[in-house]
Amino acid sequence: MGEFKSGFVSLVGRTNVGKSTLLNSLAKEKIAITANKVQTTRTAIKAILNDENYQIIITDTPGIHKPKTKLSKTMVDTAFTMFSEVDVILFLIEADSTEIGRGDRRILDKIIESKKPCILVINKIDLIKKDKLLNLINLYSKEYDFNSVIPISATKKDGIDNIIHEILKLLPEGPKYYADDEYTDQTMRQMTEEVIREKALKFLNDEVPHGIYIEVDEFKDRLTTKGEQIYDISATIYCLRESHKGIIIGKNGNLLKKIATYARQDLEKQFDSKINLKVWVKVKEDWQEKDNIVSKFKLK
């Protein structure tokens, strides 16, 4: 058996390029929520990949976008702050790009500035022809001396093992930072908040989702009369406007019931336990500008 390697990796890219899907594929666990909406990831979420020969800690950072609120500025700052603290950067771009767009250029400039080892990962290769891919590789390779370039399809899990192989080439020998059975640094409360938000994103139209955040108010476990463990969880979905509240609740409360039911089913699988979940909706205007809330999304 060779030496034990460990280290930290930052996964960075524009919004909606598939970072969370890739993180879940690498971890072989549901760690980051996924939705076909921009700015799905708000915080730096860690996946811990454990093997007898290595421990890789990969952080999925918020997608890079033009900030319009205190919240979105914090998200972008978090993504770039990670660069100074990691051993390797994974830069994820889309295969159907024909040029280096504004968002990718901003990330690339920060990578060049950091001088860190970087792997360029090109996602969604199933959507393009090979000659287009070669042009894209050539375009980016002129900009930075990437340690490797890996074409993948995150949804089809194609090329995922190559990423781990290339990361390991760049990691130093090191200790285990987390126990073998840990696969994320999120608490059960945080995971619950994220799963509820994922289901809300899934069922809400485009206007409402980015104006919500979730807070778990109560999280208790007890035994049922049959001696089975059950978690009693109550959570609040906060939104920006009274009109949004009506949309989230839906006619006769149907949409809220749907969000809560899907969230409960997901959480029961994740926690391997029965869940009693109650979800409420409240209006909290301008929460995206309030420091006490925005601070929750800062890099810890």
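Two strands pair if DSSP finds at least two bridges between them. Strands (E, at least two residues) and helices (H or I, at least four) are DSSP runs, numbered from the N terminus. The model is predicted, so local features need pLDDT of at least 70 and side-chain atom pairs count only at pLDDT 80 or more, while totals for chains, interfaces and linings use all residues. Residues are numbered from 1 along each chain as its sequence is written, and side-chain values use heavy atoms, with hydrogens and water left out.

**View 1. Three strands, β7-β8-β9 in order, form an open sheet with mixed pairing.** β7 (213-223) and β9 (274-283) stand at the edges with a single partner strand each, so one side of each has no neighbour in the sheet. From one strand to the next, the twist averages 15°. (Angles run from 0 to 180 degrees between N-to-C directions, and axes are lines fitted to C-alpha atoms, for helices over the stretch in contact.) β7 and β8 run antiparallel and are joined by ten bridges. Look for Val-216, which stands opposite Ala-235 in β8.

**View 2. Helices α7 (residues 242-249) and α8 pack at an angle of about 65°, their axes 5 Å apart.** Ile-247, Ile-248 and Ile-249 of α7 meet Asn-254, Leu-255, Leu-256 and Ile-259 of α8; contact means heavy atoms within 4.5 Å.

**View 3. Tyr-231 and Phe-271 form an edge-to-face aromatic pair.** Their rings are 6.0 Å apart centre to centre, with 65° between the planes. (Rings of Phe, Tyr and Trp, taking the six-membered ring of Trp, pair if their centres lie within 6.5 Å; planes under 30 degrees apart count as stacked, over 60 as edge-to-face and the rest as tilted.) Tyr-231 belongs to strand β8 (residues 229-239) and Phe-271 to helix α8 (residues 254-271), so the pair ties together parts that are 40 residues apart in sequence. Tyr-231 is buried, with a relative accessible area of 10%, and Phe-271 is buried too, at 11%. (Buried means under 20% relative accessible area, exposed over 50%, and partly exposed in between, using a 1.4 Å probe and protein chains only.) Phe-219, Tyr-231 and Phe-271 form one aromatic cluster.

**View 4. Helix α1 (residues 19-27) is largely enclosed by the rest of the structure, because eight of its nine residues are buried.** Among the buried residues are Leu-22, Leu-23 and Leu-26. Their cover includes β1 (5-13), β4 (88-94) and α5 (160-170). Lys-28 follows α1, and its phi is positive, near 55°.
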